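Visitor: I'm new to this one. Could you show me how to read it?

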Number of protein chains: 2
Amino acid sequence: MIQCVAIIGLGLLGGSVGLALQESLPQVATTGYDADPSVREQAAERGLVGTVCASAAEAVKHADLVILCVPVGAMEAAAREMAHALPQHAIVSDVGSSKATVGEALGRALPDHLVIPAHPVAGTERSGPDAGFASLFRNRWCILTPAPDAPEQAVADVSALWESLGATVEIMDPVHHDRVLAVTSHLPHLIAYTIVGTASDLEEVTRGEVIKYSAGGFRDFTRIAASDPTMWRDVFLANREAVLEMLGRFTEDLTALQRAIRNSDGDTLFDLFTRTRAIRRSIVEQGQDDERADFGRSDHAIDNRD
Amino acid sequence: MIQCVAIIGLGLLGGSVGLALQESLPQVATTGYDADPSVREQAAERGLVGTVCASAAEAVKHADLVILCVPVGAMEAAAREMAHALPQHAIVSDVGSSKATVGEALGRALPDHLVIPAHPVAGTERSGPDAGFASLFRNRWCILTPAPDAPEQAVADVSALWESLGATVEIMDPVHHDRVLAVTSHLPHLIAYTIVGTASDLEEVTRGEVIKYSAGGFRDFTRIAASDPTMWRDVFLANREAVLEMLGRFTEDLTALQRAIRNSDGDTLFDLFTRTRAIRRSIVEQGQDDERADFGRSDHAIDNRD
């Protein structure tokens, strides 16, 4: 049974896990650590975990489960830093957005511990210890990528914990996970970052105009292009092969559409634009998005939490 | 003074203009026409305009202002259809998303009338007579692209009307408009349509998986890729040059990022990802988007208005 959870990294994800655990499983003790002293201070102020510790070793010393919530490029170092203090029976998990290379890195750093990598498919464009909230994982998927020989009970315990936070758990092969997420998350972020960069470098159109008229579609891209730079740099480097593969497909398709526009081939455009509607409908039906016009954005005041 | 407005085309935009006019300027009479009989029927049921007419000629015969709310590729035909019934003093405007070619087409079709092209930068991914709502233009920009010699009073009258509906009016050169919108609206739509198409054609990742894990970023693209296919086909054909120009810039930038990923050049990635955050902040500050985490989507039930 998991009675004490240590969270390493107290940003959006780590903070949300801490808040959600305290809300949903108040009997579970939570400890936490972040390498940045100012983050630890804010985490203590907001009560993101029961106890904010001054070192990773102190945070994990009584843990039954450690959840690493640091950028994927920092996972191995974070694991090594706590290794000497980690109880033998403790399970190590994480929330990283790419799984194959992260799983390997954790295995290297902690050869004598059970590692059950996890990826809750949830997030916002905000980051840091003030960004987390307890309901982040509600109605979202959490993908676990345990080794085929991982003990069933441990996988069940980690699954049950995520389900307590409102997520639905899926078990997946890490390489397949990385391909799926390359298309549903990594490629969209890469494209959003690119177009926002392109728009801000134009000479004929000013940055002020881009911002002013962003409601025509551009603003939807800026949201995900405001995501944490360190996290995303690491994701693209960690999941390089799958991202490059999906990017290749995308580029081919974009070239075909470019040709259709150049040739005034309206039928090709119309056919694609009709097909893409069906996918949207399925996403709304499955509760992964809200179909209210404008997401109700125009009706609400802006909540400036920063 | 504008006392009677005729709306040709009663989909999302036409319907919203009708509803907004009735709410904000109840003293102004509204008539409307749509080429599709079933749309006329739904428009009458929802009361999108004061009087739904059986022909374009009947709708415009007492109009001081006609607003064409049809796809940009259908503007010229719609203008010709009503030309014989149009009062001499009536101003003709539209809501098309591209302005240079549309302005030329309307000038050809109505050589003896004053044309003041307009583009309210507002919309949702929904379409048809059930999609409109009165507040669509509130806190949004409406760009007018009158000829340099257009009578000031007429431009002021059309501006005042849009301001009554809650929009802020800008006057712009049509060619510049088309460049600005190519980057803030047309290119984002093209890219969103492409990636949604790419994702649905993969063999290694099923469509079910794409839908299931869409909350990682992909769903933001599906929203705009669900926009009306006819409208968007026409926009890309009408604004071809500017769209191809912006697409060329985007493709160059994407190639540079691809190279950075291939070479594990994390600094290039990090620098871009840091720059793009600032633009998002400006958009939120200017009220063109809502920064609440997830737009509050996860907290709300889905409002199935269809």
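This is a predicted model: local features need pLDDT of at least 70, side-chain atom pairs count only at pLDDT 80 or more; totals for chains, interfaces and linings use all residues.

Visitor: Is strand β1 of chain A buried or exposed?

Guide: A residue is buried if 20 or more other C-beta atoms, placed from the backbone, lie within 10 Å of its own. Strands are DSSP runs of E, at least two residues; helices are runs of H or I, at least four. Four of the five residues of β1(A), residues 4-8, are buried, so the rest of the structure largely encloses this strand.

Visitor: Which strands pair with β1(A)?

Guide: Pairing takes at least two DSSP bridges between two strands. β1(A) runs parallel to β2(A), residues 29-33, over five bridges, with A:G32 as the bridge partner of A:I7. β1(A) also pairs in the parallel sense with β4(A), residues 65-68, over four bridges; there A:I8 stands opposite A:L68.

Visitor: How many residues does each chain bring to the contact?

Guide: Residues are in contact if their C-beta atoms, placed from the backbone, lie within 7 Å. Chain B brings 99 residues and chain A 98. On chain B's side, α7(B) gives the most, with 19 residues.

Key:
Residues are numbered from 1 along each chain as its sequence is written. Chains are lettered from A and ligands numbered from 1 in the order in which they are written. A residue is buried if 20 or more other C-beta atoms lie within 10 Å of its own, exposed if 12 or fewer, and partly exposed in between; C-beta atoms are placed from the backbone. Two residues are in contact if their C-beta atoms, placed from the backbone, lie within 7 Å.
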